[in-house]
Amino acid sequence: MKRFVSLLLVTLLVLSLTACNTASKQDTAATTPNNQTATENGGTEQKSGLPVLSPDNPVTISVWTMTNYSAPSADNKLSKLLKERLGVTINYEIIPPENADQKIGVLLAGGEYADLMGTTDLNIRLIKGGALIPLDDYLTEDKANLLYEHVKPYWNRLATDAGDGERHIYVLPNYNRYYGEIVGGTHYGASGFWIQKHVLEELGYPSLENMTLERYFQMIEEYMKKYPTIDGMPTIGFELLCAPGREWVLTNPPQYLAGHPNNGGVVVDENNVATIFADKEIAKRYYKFLNQMNAKGLIDKESFTQTNDQYLAKLATGRVLGMYDQRWAFGQAYDSLVAEGKYERTWVPTMPVYEGCTPYYADREVMNINQGYGISVSCKNPDIVVSFLNTMMSEEWQKLFNWGIEGEDYYVDENGRFYRTPEQREQQNDLVWRNKNKLEALYDNMPKIQGTYSDGNADSPGNQPEEFFDSLSDYDKNFLTSYGKKTWREFLNQPPENPIYYPCWNITLPEDAQVVSQQLTDVALQYLPKIIMADPSEFETLWAQYVSEINKVDVKVYEDAINAGIQERIKNWGN
């Protein structure tokens, strides 16, 4: 095909390249080699041997992405910048995480894909299904230098076997590849038993040290008795979720309560040996306690029938006092409450543990593996898409995504520090404004600079120490001051160094282990809701049935696969 195209180009004497998946001749891009800095067309600092993106040669890139963010508005200013500076138009297909399993199956069956595929699927079905191309040939210093720098130190971690016995990089990591110093006021990857700020305010800002499940629910119960309704709606004590893709909200907590970090469905001992905990005492104790709390009316009766969207909508009402979750997962609801000025209805994390255990709710942020953007086999010109991703990794575009436009969304002081005015901070809380001024759906799965830029500024306003505190509402400033803290991170444990294999939840499992993992999830979803909602007198009988069903599953296949993954990482990730 390449020879045919070359002959055709020579015959026609036209220097042109067809843009990825373009639908018409109007979207065809004429490109030239990018062997110099393209400052006029976006100010990139890349030195790639790929096509230069130029408004003189417009291209359309189709994007399929798994994200909770919605597509930007038609008049989005960053979309306009992409077109004006680079000639790039993005066509979006947004896939909510809870619909991802079905959508991936349909895609693989059809064999037609968007140019850029943004995936967070831990079963790497797009990779093993042959939907993505290997990126190794592009990830070189003389081609896509910025992407090369992004993956170079972690090549062994990112390389994946698609089933042919060879390891290649198919997906560029979207989160937690850090540059410079790690700073920030919020640990978005941290777990916690979250509690509404107004509950703590009403109780006189009680100490959150040495937290237990008993004390956590006692605070919720006390508040509910005083405030049975919030804004005219019934107060909800504790919210649960087991929607597709979010089952871990229901199944993960026992490991934290026992002082372990998040290793998914297993706990790992001091000898680096993993075992499931679903049928162990640490799990039984948790679900028995939830059963008792349900009998008291503290758990939402709709927990096990709601979708993720319904869960987030319920949180956004401000009447949910507590839930177990990870901060990133309910960001939309949190932001919605902030946009309405209901700061007292947002939450802070607590870290209950069993007696004798030390909290390990916050880990060091782990670089995502096989989560982010890959380029599909349907893309007609991967060179253009790689050039686009490489350009987006420049500090200029990263700052546009995160800080916005200088002089419009932020300013720079005499020391070169980025800051915002109160008005600029306030507009960031407006979801409509963000839809018109930020590209969150595109950026969510994009490779990104996290940490600090070369000029010392943080990757985003929320991570700029002075800007973080100044950007808070008076309520939140007073709340933090009442606890003697400056950031939300300070409500969590200080993360120790991660074990070299960590975490187990992103170990790629062979097919037979994936089947067992799904069987364990299915058994949990079948029994745990019944166990929690049952009369306490029925708990022991139902729990015995649950354990019996787990024993029917070939758990050893799953545990052996996890342990093989642990040993492989210990062997290969030491560099």
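The structure is a predicted model, in which local features need pLDDT of at least 70, side-chain atom pairs count only at pLDDT 80 or more, and totals for chains, interfaces and linings use all residues. Residues are numbered from 1 along each chain as its sequence is written, and side-chain values use heavy atoms, with hydrogens and water left out. Helices (H or I, at least four residues) and strands (E, at least two) are DSSP runs numbered from the N terminus.

**Strand β14**
- Seven of the seven residues of β14 (residues 320-326) are buried (under 20% relative accessible area, 1.4 Å probe, protein chains only).
- Strand β8 (residues 191-196) runs antiparallel to β14, joined by five bridges; strands pair if DSSP finds at least two bridges between them.
- Y324 of β14 is the bridge partner of F193.
- With strand β11 (residues 236-239), β14 pairs in the parallel sense over three bridges.
- M323 of β14 is the bridge partner of E239.

**Helices α8 and α11**
- The axes of α8 (residues 213-226) and α11 (residues 281-295) come within 12 Å and cross at roughly 20 degrees; axes are lines fitted to C-alpha atoms over the stretch in contact, with angles from 0 to 180 degrees between N-to-C directions.
- The two helices α8 and α11 are therefore roughly parallel to each other (angles under 35 degrees).
- L213, E214 and F217 of α8 make the contact with Y286, F289, L290 and M293 of α11 (heavy atoms within 4.5 Å).

Note on methods
Buried means under 20% relative accessible area, exposed over 50%, partly exposed in between (1.4 Å probe, protein chains only). Angles under 35 degrees count as roughly parallel, over 145 as roughly antiparallel, 65 to 115 as roughly perpendicular and the rest as oblique.
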